[in-house]
Amino acid sequence: MDKVQAVEQGMLSGRLGDSATSAEAELFAIFAILRKVQVMQDMGQYKGGKARVLIMSDCLSGLEVIEKVWRGKKNIYRKLKNGAVIEAITNVKESLGTVIFMWIPSHVGIVPNIIADSIASREQEKPPEGMITGLLSKQVKSRPII
């Protein structure tokens with residue numbers, strides 16, 4: 001896989017319902033791309049068997065809570081806002097090789113952020129994704145997902 005193909009593989013877009021906050025959308029996007037990488041890893045598409053992933057996000061609060069949970073207590077999901085998606089992220093992350101999260105400031109001309117914002121704004125015209133609960137329920141063990 002060359003660099004252009006790798007970047008294309010890393011682009012994923014979708015739309016949550018109108019009630020979703022931007023932080024919820026960012027967290028679900030992180031989960032969705034990690035899950036996509038996990039499927040590709042399971043299909044043997046990475047040299048050495050394990051995926052190496054760089055997630056760039058402008059959602060500092062989301063990245064901070066993921067990192068806090070990853071490095072600390074993993075049994076606090078029920079107490080967290082967005083705990084189910086954070087649990088899903090950490091469970092998928094655990095199965096992958098190297099996963100690096102990088103905060104990038106928003107609206108300051110950083111090219112990956114401009115591309116992501118452009119894709120996100122295009123998604124606003126589409127109907128919301130319908131399979132969110134099903135995707136999460138396979139990764140969440142601390143609570144029932146309905």
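Analyst: Buried means under 20% relative accessible area, exposed means over 50%, and partly exposed lies in between (1.4 Å probe, protein chains only). The structure here is a predicted model, in which local features need pLDDT of at least 70 and side-chain atom pairs count only at pLDDT 80 or more, while totals for chains, interfaces and linings use all residues. Residues are numbered from 1 along each chain as its sequence is written, and side-chain values use heavy atoms, with hydrogens and water left out.

User: Why does F31 count as buried?

Analyst: The relative accessibility of F31 is 0%, and the limit for buried is under 20%. F31 therefore counts as buried.

User: Why is F28 called buried?

Analyst: F28 has a relative accessible area of 12%. That value falls under the 20% limit, so F28 is buried.

User: What makes the pair of F28 and F31 tilted?

Analyst: Rings of Phe, Tyr and Trp (its six-membered ring) pair if their centres lie within 6.5 Å; planes under 30 degrees apart count as stacked, over 60 as edge-to-face and the rest as tilted. The centres of F28 and F31 are 5.7 Å apart and their planes stand at 50°, so the pair is tilted. A search of the whole structure finds one aromatic pair.

User: Where do F28 and F31 lie?

Analyst: Both lie in helix α2, three residues apart, about one turn of the helix. Helices (H or I, at least four residues) and strands (E, at least two) are DSSP runs, numbered from the N terminus. Besides F28 and F31, the buried residues of α2 include L27, I30, L34 and M40.

User: How many helices and strands does the protein chain have?

Analyst: The protein chain has six helices and two strands. From the N terminus on, its elements run α-α-β-α-α-β-α-α.

User: What span do α2 and α4 have against the expected one?

Analyst: The expected span of a helix is 1.5 Å times one less than its number of residues. With 21 residues, α2 reaches 30 Å from its first C-alpha to its last, close to the 30 Å expected. With 13 residues, α4 reaches 19 Å, close to the 18 Å expected.

User: What makes α4 mostly covered?

Analyst: In α4, 10 of the 13 residues are buried. Among them are G83, I86, I89 and K93. In the protein chain, buried residues make up 32% of the 146 residues.

User: Which residues have the most contacts inside the largest nonpolar core?

Analyst: They are I30, L34, V53, I89, L96 and F101, in a core of 24 residues. A nonpolar core is a set of buried Ala, Val, Leu, Ile, Met, Phe, Trp, Tyr and Cys residues joined through side-chain atoms within 4.5 Å. At least two residues of this core come from each of α2 (22-42), β1 (52-57), α3 (60-71), α4 (83-95) and β2 (98-103). α2 gives the most, with eight residues.

User: What does I30 touch?

Analyst: Contact means heavy atoms within 4.5 Å. Leaving out residues up to four places away in sequence, I30 touches I55, S57, L63, I66, I89 and F101.

User: Why does I100 count as partly exposed?

Analyst: The relative accessibility of I100 is 45%, which lies between the 20% and 50% limits. I100 therefore counts as partly exposed. I100 lies in strand β2. Apart from neighbours within four places in sequence, I100 is in contact with V53, L54 and I55. The C-alpha atoms of I100 and R52 are separated by 8.2 Å, although the two residues are 48 apart along the chain.

User: Are H107 and S106 exposed or partly exposed?

Analyst: H107, at 71% relative accessibility, is over 50% and so counts as exposed. S106, at 29%, counts as partly exposed. H107 lies in the loop between β2 and α5 (111-123), and S106 is placed in the loop between β2 and α5. Setting aside residues up to four places away in sequence, S106 touches D58 and N113, and H107 is in contact with N113 and D117.

User: What is the average pLDDT of the protein chain?

Analyst: pLDDT is the predictor's confidence in each residue, from 0 to 100. The protein chain averages 77, and 64% of the residues score at least 70. Among the elements, helix α1 (residues 3-9) has the lowest mean pLDDT (60) and β2 the highest (92).
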